[in-house]
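Welcome, and thanks for taking a look at this one with us.

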Amino acid sequence: MAQALGEDLVQTSELQDDSSSLGSDSELSGPGPYRQADRYGFIGGSSAEPGPGHPPADLIRQREMKWVEMTSHWEKTMSRRYKKVKMQCRKGIPSALRARCWPLLCGAQVCQKNSPDTYKELAKAPGDPHWMETISRDLHRQFPLHEMFVSPQGHGQQGLLQVLKAYTLHRPEQGYCQAQGPVAAVLLMHLPPEEAFWCLVQICEVYLPGYYGPHMEAVQLDAEVFAALLRRLLPRVHKHLQQVGVGPLLYLPEWFLCLFARSLPFPTVLRVWDAFLSEGVKVLFRVGLTLVRLALGTTEQRLACPGLLETLGALRAIPPTQLQEEVFMSQVHSVALSEHDLQREIRAQLAQLPQSTSGPPPRPQARLPGAQAIFEAQQLAGARGGARPEVPRIVVQPPEEPRPPRRKPQTRGKTFHGLLTRSRGPPVEGPSRSHRSSTSFLDTRF
């Protein structure tokens, strides 16, 4: 498996579907080349025109019609032809149809249908003053070069404020995590606020439960799982990371919590989301393994990174040419990681957690969340009278050891440095305290 990951993969000839963007009208006035937005809505971006390998218009329309047909008979398609849906998601959902497909894939459309007035009530209700102040401070940080989020009073930032406020009211025990900002922003680039809200709910509660809560237990668990997968699939890279003191909690949370929205070119981000909403968290592990291999997969790359700073820099400075959507996604889907392998490793890491006084740690179900599991759970709930579906997912109990009281409520997710001291497993090897204090960029900020 390690050799399969280390070697260059054969690039497929699949063509790219993302020919246009559903971004909103620009909130800037007046012409001028410095105000021109690319096809995804980024001002001064480099995706104004399709690349040389772009498919012709008739082929794009043909692919769009396939998705129109599948979504028009969604229940029949998901019941009988889910493999086709998964393969089409791997090729990339046409940009013109992401607004239609994403809510169907993640089950947000059913949630909205079952609770038609929930978002309206949450949007009208006053938010918690602490969370409103914290969210307001973060609004300008979410894609500041995107035409939707340029103006503080524009519909982009105001819609983002409403969606994030609604979630804090919907789940007051969880509140707001700063990493939810870029996720909600990407959703708002394609969806109206109400649909974006329900997609955010599904991502936080079904796809990534425990990621955005007060303790982020699932992030710590998945960091241990990722380290174990690295040790098995990329042993030389894993050894190098251990030698220089780079544990997965130094880079993985930013990748997984933001769904790579801050780490990859935007066309590639959309392709990752297409696959993620179809297949679940397995896609995030495959993308992460691919990035580590691209940054440190060769002996020359590892020799060029003799210390912690150089290694982290390499993980964050992969050449854009290697991250182009078609080439990159073909490598992602070729990673030798099956759902069974991932599930087995999660069980192994859960078994190593300390026993809780209330009983043994919960065990993962037989299937990780994905579009098919969500669809089947919602169908079963509908047959039982519309009860909330029980979607297979992984829930990690919070640590039992007492925690010191926080002096002042702060935004969770600004830095993951604290996660290293709260890890339930063995301490992460790293540089001395004096060395850490001189490397300010280790505090990963969104």
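Let us begin with helix α10. Its buried residues are Gln 180, Gly 181, Pro 182, Val 183, Ala 184, Ala 185, Val 186, Leu 187 and Leu 188. That makes nine of nine residues buried in α10, which spans residues 180-188, and the helix is mostly covered. Please keep in mind that this is a predicted model.

What do the buried residues of α10 pack against? Their partners are α5 (98-106), α9, α11, α14 (252-257) and α15.

Another enclosed helix is α19, which covers residues 325-332. Seven of its eight residues are buried, so the rest of the structure largely encloses α19. The buried set consists of Glu 325, Glu 326, Phe 328, Met 329, Ser 330, Gln 331 and Val 332. Among the elements that cover these residues of α19 are α4 (82-91), α15 (266-279) and α16 (282-296).

| Helix pair | Axes come within | Crossing angle |
|---|---|---|
| α12 (residues 217-233) and α13 (residues 235-244) | 5 Å | roughly 125° |
| α9 (residues 155-170) and α11 (residues 193-207) | 10 Å | roughly 50° |

With its crossing at roughly 50°, the pair α9 and α11 is therefore oblique. The crossing of α9 and α11 is right-handed. On the α9 side, the contact is made by Val 163, Leu 164, Ala 166, Tyr 167 and His 170, and on the α11 side by Pro 193, Phe 197, Leu 200, Val 201, Cys 204 and Glu 205. Sorted by class, this contact of α9 with α11 has nine nonpolar residues, one polar and one charged.

The helices α12 and α13 are likewise oblique to each other. Here Ala 227, Leu 230, Arg 231, Arg 232 and Leu 233 of α12 meet Pro 235, His 238 and Leu 241 of α13. By class, the contact of α12 with α13 has five nonpolar, one polar and two charged residues.

Cys 204, listed in the α9 and α11 contact, leads on to the cysteines. Is Cys 204 buried or exposed? Cys 204 is buried, at a relative accessible area of 3%. The closest cysteine sulfur to that of Cys 204 belongs to Cys 177, and the 8.3 Å between them is too far for a bond. How many disulfides does a search of the whole structure find? The search finds zero. Cys 305 also counts as buried, with 5% relative accessibility.

Technical notes. Residues are numbered from 1 along each chain as its sequence is written. This is a predicted model: local features need pLDDT of at least 70, side-chain atom pairs count only at pLDDT 80 or more; totals for chains, interfaces and linings use all residues. Side-chain values use heavy atoms; hydrogens and water are left out. Axes are lines fitted to C-alpha atoms, for helices over the stretch in contact, and angles run from 0 to 180 degrees between N-to-C directions. Helices (H or I, at least four residues) and strands (E, at least two) are DSSP runs, numbered from the N terminus. Angles under 35 degrees count as roughly parallel, over 145 as roughly antiparallel, 65 to 115 as roughly perpendicular and the rest as oblique. Contact means heavy atoms within 4.5 Å. Ala, Val, Leu, Ile, Met, Phe, Trp, Tyr, Cys and Pro count as nonpolar, Asp, Glu, Lys and Arg as charged, and the others, Gly among them, as polar. A crossing is left-handed if the near helix is turned anticlockwise from the far one by less than a right angle, and right-handed if clockwise. Buried means under 20% relative accessible area, exposed over 50%, partly exposed in between (1.4 Å probe, protein chains only). A disulfide is a pair of cysteine sulfur atoms within 2.5 Å.
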